[in-house]
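Please keep the model open alongside the text.

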Amino acid sequence: MPHLKVTPFDASIIDARLPESSIMTFRARALKGDDEIIGVEHGGEEFLLQLKPDSKATLLKYDKVTRPLKVNLLKEALDKVSKELGLEIRSSNIALSNSKPPLSSAYFKKIEDFETIEYPKKKISVEVGFGSGRHLLWQARKNPDTLFIGLEIHTPSAQQVLRQIELQGLENIWVVNYDARLFLEMLPSNSCEQIFVHFPVPWDKKPHRRVISPSFLAESMRVLRKGGRLELRTDSDNYFWYALETFFSVPKTEVEVRKNEALEVTSKYEARWRKQEKDIYDVYVKCNEDSAERDLRIDFNFTSVKYTKNLEERLPKKAVVCDGYFVHFERSYKIGDNALLVKCAFGSFDRPEHKYILIGPDGSRYFASVPVKTTVNQSAHRKILELLLQKENNV
Ligand SMILES: C[S@@+](CC[C@H](N)C(=O)[O-])C[C@H]1O[C@@H](n2cnc3c(N)ncnc32)[C@H](O)[C@@H]1O
């Protein structure tokens, strides 16, 4: 990833350059340690650069949390900042390239795209953890009137399937590189035909990491249309019994079970299990009811939060753990005397959000982008507000 190594310099020169800088918007100093952050605005995006001093060379690099998707924007920003500050470069890897960034495809969607997305087809189906994508690609070829949303947390698999989509000229697959357990919440109610969960990781030792859970079942039933199905296929006896127990814990469910059913397409995993003559179970859960629409009134405003003297000292030092979510103010940076940049982790334990919060004398906001609009993030945001305000009132 792009970075520069420069001869150590006094970071206070940034303050002098800020008023006429074409790119730098603020300088923030860590309250603990001697690293610094430079706020930049470039190419229509705002993001952060980090300065890490060392006795031999200072590292000027990108910040992971606010990193823009286009790597060239980062490289240009590093180049401009180093020139505006007149830094002496020791080593650099910011030569501009024309290569396509990974995951750049019209068929790759980010979770936040779903806040406003238009669905090109009436019928939608979802596949969770598509792996090599054999089943997903096959379904899409066979059902051109259906949009298939494939969810996969393993980025190389997502990249490989995106290549296949383009090679095979398919136009009805979207690939999302995100945790399925949180993603389903982004879909409208009663919108899906099928949700496929084929050979999920059994997580025998860490069952809380399993895809199937009571909340996943509830979300699946919400997004499935009446008559739609959640389809689990597994080679694991444990997972099979666990899933049945989960499905039957709901008062009214219609569950169908099959053993060693041959499907028209065999995934890589399935081929391996078949060779070993393992039993394979299918469990279908039918959705029998229409669901109410989602509540979309999620907002991430900081209405009355302003910087007040010594706020940094009043922030909780440890993670605040609540029912189903947490908030952790990880690191604070001071901007001048009356503003704070706080790096914060929050939300679900499995897929936490990482954001910076900019707290100024006139108001506050998430820096660069707001969290994904999920209910767990909304709960965490409310907790953040409470923590920031409660502390102010207690002074
Ligand atoms: C055992 S593989 C099965 C892959 C494929 N379905 C098949 O049958 O060959 C499980 C896949 O699920 C993905 N996965 C695990 N947890 C996930 C989650 N919470 N959301 C999305 N994908 C997940 C893994 O990265 C892995 O590719």
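Helices (H or I, at least four residues) and strands (E, at least two) are DSSP runs, numbered from the N terminus. Residues are numbered from 1 along each chain as its sequence is written. The model is predicted, with local features needing pLDDT of at least 70 and side-chain atom pairs counting only at pLDDT 80 or more, while totals for chains, interfaces and linings use all residues.

**Annotated sites**

Lys-205 and Asp-235 carry the UniProt annotation "binding site", from an unreviewed entry. Such annotations may be inferred rather than shown by experiment.

Leaving aside neighbours within four places in sequence, Asp-235 contacts Phe-199, Trp-273, Lys-278 and Ile-280. Contact means C-beta atoms, placed from the backbone, within 7 Å.

**Domains**

An automatic or database assignment sets the domain bounds. They are domain 1 (3-92), domain 2 (111-286) and domain 3 (311-393). The C-alpha centres of domain 2 and domain 3 lie 33 Å apart. Seven residues from domain 2 and seven residues from domain 3 make the contact.

**Strand pairing**

Strands pair if DSSP finds at least two bridges between them. S5 (residues 58-62) runs antiparallel to S1 (residues 3-6), with four bridges. Lys-5 has Leu-59 as its bridge partner in S5. S4 (residues 45-52) is also antiparallel to S5, joined by four bridges. Here Leu-49 partners Tyr-62 of S5. Five residues lie between S4 and S5 in their hairpin.

How values were computed
Two residues are in contact if their C-beta atoms, placed from the backbone, lie within 7 Å.
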